[in-house]
Amino acid sequence: GTVLMNLGIVYNISGLYEEALGYYRRAQSYFEEVGNVQRLMELHHNTGMTYYFKAAYKDAMFEFDASIKLATKLHNVNILATASLGKANTCYQKGDPRLALIFVNQALHYYGICNDRNGIADAYKVKGMIHREMKQYSVALSLFQTSLRLNAELKNELNTAETHFEMGELEVQRKNQRA
């Protein structure tokens, strides 16, 4: 099951989403057969991410919810954080910034509990995106700057680049006017 899940992850990264989902389905049957709830929790999160990348947001939310349910049962704060952030991103993409804000705040809470600074930096970036869409430009800029500061401390170049991109989108949206 773990090998199949890892193959699904590779296909997801490669953008071959249907193939990834096929491997995830096969892995799920193995995990269910042996009762490996830990792996099922991870699998549901990974499946949610694949549906997210496919823009199948209803399916993504279903999988994130399944992951959160199992993470709650296992008291796994890391997965609670990442699945909550997945739900925040999904709500953001669906055009529901108010609900996205609720989930990103949940993610920040959980990331704080497990002291996952990379997760916190990513969540601040997403929270900035949400506030940008709500036209709260000063708040968005502050959140992006916090994300950049954390990413610089962590030497997280990928999230630094993503945050700079989102800051650029902020400037485009507000047409360089100060909020």
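Reply: The structure holds ten salt bridges. The term means a side-chain nitrogen of Lys or Arg within 4 Å of a carboxyl oxygen of Asp or Glu. Side chains of opposite charge can pair when their charged atoms come close.

Some ground rules come before the pairs. This is a predicted model, in which local features need pLDDT of at least 70 and side-chain atom pairs count only at pLDDT 80 or more, while totals for chains, interfaces and linings use all residues. Residues are numbered from 1 along each chain as its sequence is written, and side-chain values use heavy atoms, with hydrogens and water left out.

Start with lysine 87 and aspartate 65. Their side chains form a salt bridge, at 2.4 Å from N to O. Lysine 87 sits in helix α5 (residues 77-93) and aspartate 65 in helix α4 (residues 57-74), so the pair ties together parts 22 residues apart in sequence. Helices here are DSSP runs (H or I, at least four residues), numbered from the N terminus. Lysine 87 is buried, at 8% relative accessibility. Aspartate 65 is partly exposed, at 36%. Buried means under 20% relative accessible area, exposed means over 50%, and partly exposed is in between (1.4 Å probe, protein chains only).

Next come glutamate 162 and lysine 125. The closest N and O atoms of this salt bridge are 2.7 Å apart. Glutamate 162 belongs to helix α9 (residues 157-173) and lysine 125 to helix α7 (residues 117-133), so this pair ties together parts 37 residues apart in sequence. Glutamate 162 is partly exposed, with a relative accessible area of 33%. Lysine 125 is buried, at 8%.

Arginine 132 and glutamate 133 also meet in a salt bridge, at 3.1 Å from N to O. Arginine 132 is buried, with 4% relative accessibility. Glutamate 133 is partly exposed, at 36%.

Histidine 75 lies in the loop between α4 and α5. Its phi is positive, near 60 degrees, and the residue is not a glycine. Histidine 75 is exposed, with a relative accessible area of 67%. Lysine 135 is in the loop between α7 and α8 (137-154). Lysine 135 is not a glycine either, yet has a positive phi of about 65 degrees. At 54% relative accessibility, lysine 135 is exposed.

Conventions:
Helix = DSSP H or I, 4+ residues; strand = E, 2+ residues; numbered from the N terminus.
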